[in-house]
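Here are my notes on the model you sent over. Have a look at the structure first, then read on.

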Amino acid sequence: MAETHKTKMLILGSGPAGLSAAIYGARAGLEPIVVQGLQPGGQLTITTDVENYPGFRDVIQGPWLMDEMQAQAEKVGTRFIFDTIVDVDFSRRPFRMTGDGGDVYEGDTLVIATGAQAKWLGLPGEEELSGKGVSACATCDGFFYRGKKVAVIGGGNTAVEEALYMTNHSDDVTLIHRRDSLRAEKILQERLFANPKISVLWNTNVERFVGGGEPVGLVGLDLVDTQTGAKSHLALDGAFVAIGHAPATEIFKGHLDLIDGGYIEVEPGTPKTKIPGLFACGDVMDHVYRQAVTAAGTGCMAALDAERFLAEQEFEQIAAE
């Protein structure tokens, strides 16, 4: 039988942003409810080695970090519910969402932390070699490829930025693009072409990610020329798929203002949307940094802003009486 769940702070999403919001919200006595969604714990649950999250001198595992964050949130009073939201109503407060089993969730404030997913090519070997030489985040994993030969696949801002970043670790970076010109901003292209560590393969598609060795890892890419059909093989140690990210905002279309790429629009420097009491944090609104630590930071901001919003509402209600 369907139930209705009510709370002062409703949180959708359970990655670093959502869990940080839950910790701060619970400590403020808001008794938050977290609706976990399709991937409890977010992208870090499919990330193995994490070396850049502050506070840990040694390598930690992504799933372990998310388990610890959830346990901390539960300890201070957060309630977790596994459900998938299929409908939303932001036209009035309390905000209302409906799960696929019929349960209804109502929140005096709402924190959206549904995250984003890297787009993948869907090619043979890509999934099998993910985390074993294939990555979608140079700033996350580039450190592991110091002094090695790497490639970045794509032609937009993300790809050029990833290629430029990788020159901090590698002297042999190849950008692979399926067309004869880049879509990236002009200034980024100028930096790319001026960097002697980067070479570009134009009119080239990747056909397969090739694994080998013991333990098995990426050893190269099978390529095809889009104009001549000629096939070739590029031996390398790491490949970064950089064809963009897709924020999980499909269900919010028509309910919230979205910017280019589908990210939720917020007031600059804050997690505040144009709807009072509704906040967005983490990768669902951040198309620039997309790091676990920045997501956690914006989750904290969302909870603090939600607490202030509720306090202001209470004060106005008292004043009106």
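The points below go through the sheets and the helix packing.

1. Ground rules: this is a predicted model, where local features need pLDDT of at least 70, side-chain atom pairs count only at pLDDT 80 or more, and totals for chains, interfaces and linings use all residues. Residues are numbered from 1 along each chain as its sequence is written, and side-chain values use heavy atoms, with hydrogens and water left out.

2. Let's begin with the parallel sheet. Five strands make an open sheet, ordered β10-β17-β11-β12-β13, with parallel pairing. Helices (H or I, at least four residues) and strands (E, at least two) are DSSP runs numbered from the N terminus, and two strands pair if DSSP finds at least two bridges between them. The edges are β10 (134–135) and β13 (198–201); each has a single partner strand, so one side of each has no neighbour in the sheet.

3. Inside that sheet, β11 (residues 149–153) and β17 (residues 238–241) run parallel and are joined by four bridges.

4. Now for α4 (residues 157–166), which lies across β11, β12 (172–176), β13 and β17 and runs at about 165 degrees to β11. Axes here are lines fitted to C-alpha atoms, for helices over the stretch in contact, and angles run from 0 to 180 degrees between N-to-C directions.

5. Is α4 buried or exposed, on the whole? Seven of its ten residues are buried, so α4 is largely enclosed by the rest of the structure. Buried means under 20% relative accessible area, with exposed over 50% and partly exposed in between (1.4 Å probe, protein chains only). The buried residues are Thr158, Ala159, Val160, Glu162, Ala163, Leu164 and Met166. They pack against α3 (138–141), β11, β12, α5 (186–194), β13 and β17, with contact meaning heavy atoms within 4.5 Å.

6. Zooming in, β15 (residues 217–225) and β16 (residues 231–235) pair in the antiparallel sense over five bridges, and Asp222 stands opposite His233 in β16. The hairpin has five residues between the strands, and Gly229 there takes a positive phi near 80 degrees.

7. Over to α1 (residues 16–27) and α2 (residues 62–75): their axes come within 9 Å and cross at roughly 25 degrees. That makes α1 roughly parallel to α2, since angles under 35 degrees count as roughly parallel, over 145 as roughly antiparallel, 65 to 115 as roughly perpendicular and the rest as oblique. Among the residues that meet are Leu19 and Ile23 in α1, and Met66 and Met69 in α2.

8. Helix α1 also meets α6 (residues 292–320), where the axes come within 7 Å and cross at roughly 35 degrees. The residues involved include Ala17, Ala21 and Tyr24 in α1, with Ala295, Gly299 and Leu304 in α6.
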